[in-house]
Amino acid sequence: MEEKTLAQVQEMFENDRFATLNGARITEIGDHYARCEMELDDRHKNALGAVMGGASFTLADFTFAVASNWQKPGTVSLSTNITYLGGAKGSRLIAEAHMVKDGRTTCYYRVDVTDDLGTQVAAVTVTGYHK
């Protein structure tokens, strides 16, 4: 199988419209790994002015999708658990997805969400299904 470049993977996921229209972008890829970022602005804030949990979840879900599909497409999420650890203080969210286990039909990933100041924002686990 031919190794894809970062630009090819970015193009592959540009039609993931919800995530990309909300600012998610792929910044790094590796073996069953992805790092994605989201610049924060007013559309990501809730009524209290804090970054909405949905922004963190969207970025984590997108990062899982990239990490689990860029090498071999066909993995979808079966179950996702997110624990919010703290509010984002910086101007950018960063998510890193790492594969923990890859089985015949399912996989398990850990996604860590931080901000650009190093604040831990969320811890996410995803069980995926290989279609």
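A word on exposure before we click anything: buried means under 20% relative accessible area, exposed means over 50%, and partly exposed is in between, with a 1.4 Å probe and protein chains only. This is a predicted model, so local features need pLDDT of at least 70 and side-chain atom pairs count only at pLDDT 80 or more, while totals for chains, interfaces and linings use all residues. Residues are numbered from 1 along each chain as its sequence is written, and side-chain values use heavy atoms, with hydrogens and water left out.

**Stop 1: a helix**

Select residues 53–69, which make up helix α3. Helices here are DSSP runs of H or I of at least four residues, strands are runs of E of at least two, and both are numbered from the N terminus. How far apart are the end C-alpha atoms of α3? They are 24 Å apart, which agrees with the 24 Å that 17 residues should span at 1.5 Å a residue. The expected span is 1.5 Å times one less than the number of residues. Now colour the helix by accessibility: 13 of the 17 residues of α3 are buried, so the rest of the structure largely encloses it.

**Stop 2: the loop between two strands**

Next, pick His 32, in the loop between β1 (24–30) and β2 (33–39). Check its backbone: phi of His 32 is near 55 degrees, a positive value in a residue other than glycine. His 32 counts as partly exposed, at 22% relative accessibility.

**Stop 3: the salt bridges**

For this stop, a salt bridge is a side-chain nitrogen of Lys or Arg within 4 Å of a carboxyl oxygen of Asp or Glu. The whole structure has six of them. Start with Glu 37 and Arg 25, whose side chains meet in a salt bridge at 3.4 Å, N to O. Glu 37 sits in strand β2 and Arg 25 in strand β1, so this pair ties together parts twelve residues apart in sequence. Glu 37 is buried at 7% relative accessible area, and Arg 25 is partly exposed at 40%.

Arg 35 counts as partly exposed at 21%. To see the network of salt bridges, select Arg 25, Arg 35, Glu 37, Glu 39 and Arg 92 together.

Then hop over to Asp 112 and Arg 110, a salt bridge with its closest N and O atoms 3.3 Å apart. Both ends are partly exposed, Asp 112 at 30% and Arg 110 at 36%.

**Stop 4: the cysteines**

How many disulfides does the structure hold? Zero, with a disulfide taken as a pair of cysteine sulfur atoms within 2.5 Å. Show Cys 36: its nearest cysteine sulfur, that of Cys 107, is 16 Å away. Cys 36 is buried at 0% relative accessibility, and Cys 107 is buried at 2%.

**Stop 5**

Leu 78 belongs to strand β3 (residues 75–84) and counts as exposed, at 53% relative accessibility.
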